[in-house]
Amino acid sequence: MAENSVAPAPRIHHSVLPVGIHPTAPREYRPPLSIIKFLELSLAVTCTTLHYYSFNDGDLVTGFLATGTFCGFIVILFTVMAGYLMKAHLHRRLSIFYSLLGCVCFLTSGVFIIEAWEHAFRTRTRDLAITKGSIAVINGVIFLMDTIFTFRERK
């Protein structure tokens with residue numbers, strides 16, 4: 001090749017299928033392991049840690065709801081991520097169900113926690129509890145976004 005000649009740019013094929021796959025064959029639903037699932041899990045662990053240091057939520061129902069939500073969704077999200085790593089993908093309907101359930105549970109827990117602690121004296125425990133409730137509300141909104149993204153995803 002001559003020194004002053006320019007090599008053509010490589011051709012990029014966006015729709016290349018693996019060998020043996022017919023173009024009209026139905027494709028398996030493969031949900032992306034996005035940063036959203038990891039963010040949901042890390043916020044649930046954060047809420048559980050803060051819940052340990054500010055457990056007295058005043059109301060027994062609020063304490064049970066928060067403990068069940070935080071610990072339950074740590075188990076659910078951990079198994080979803082482990083299943084993805086083992087190539088055992090969660091069905092789209094189940095993913096939407098878990099995301100909606102997470103949205104409702106985290107929003108409800110966060111609102112109940114903030115309501116229980118908003119008029120308490122300003123102490124370290126109150127600050128941790130208000131932070132815990134705020135993070136739970138944020139995680140509920142992230143679960144809602146995950147639901148929307150999963151629903152809008154193409155099959």
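## A tour of the rings, helices and surface

Start by selecting F70, F73, F106 and F143, which ring pairs link into a cluster. Rings of Phe, Tyr and Trp (its six-membered ring) pair if their centres lie within 6.5 Å. You're looking at a predicted model, where local features need pLDDT of at least 70, side-chain atom pairs count only at pLDDT 80 or more, and totals for chains, interfaces and linings use all residues. Residues are numbered from 1 along each chain as its sequence is written, and side-chain values use heavy atoms, with hydrogens and water left out.

**Stop 1: ring pairs.** The structure holds six aromatic pairs. Zoom in on F73 and F143: their ring centres are 5.4 Å apart and their planes sit at 65°, so this pair is edge-to-face (planes under 30 degrees apart count as stacked, over 60 as edge-to-face and the rest as tilted). The pair links distant parts of the chain, with F73 in helix α2 and F143 in helix α4, 70 residues apart. Helices here are DSSP runs (H or I, at least four residues), numbered from the N terminus. F73 is buried at 4% relative accessibility, and F143 is buried too, at 1%. Buried means under 20% relative accessible area, exposed over 50%, and partly exposed in between (1.4 Å probe, protein chains only).

Now pick F97 and Y98. Their ring centres are 5.8 Å apart with planes at 50°, so call this pair tilted. F97 is partly exposed at 48%, and so is Y98 at 27%.

**Stop 2: D146.** Select D146 in helix α4. Is D146 buried or exposed? It's buried, with a relative accessible area of 5%. The D146 side chain makes a polar contact with the side chain of S99 at 3.1 Å (a pair of N or O atoms within 3.5 Å; within protein, one must be able to donate a hydrogen and the other to accept it, and residues adjacent in sequence count only if both atoms are side-chain atoms). Leaving out residues up to four places away in sequence, D146 touches I36, K37, E40 and S99, where contact means heavy atoms within 4.5 Å.

**Stop 3: K87.** Next, click K87 in the loop between α2 (60-85) and α3. K87 has a positive phi of about 60° although it isn't a glycine. K87 is also exposed, with a relative accessible area of 61%.

**Last stop: L100.** Finish on L100, which sits in helix α3 (residues 92-117). At 41% relative accessibility, L100 counts as partly exposed.

Key:
Helices (H or I, at least four residues) and strands (E, at least two) are DSSP runs, numbered from the N terminus.
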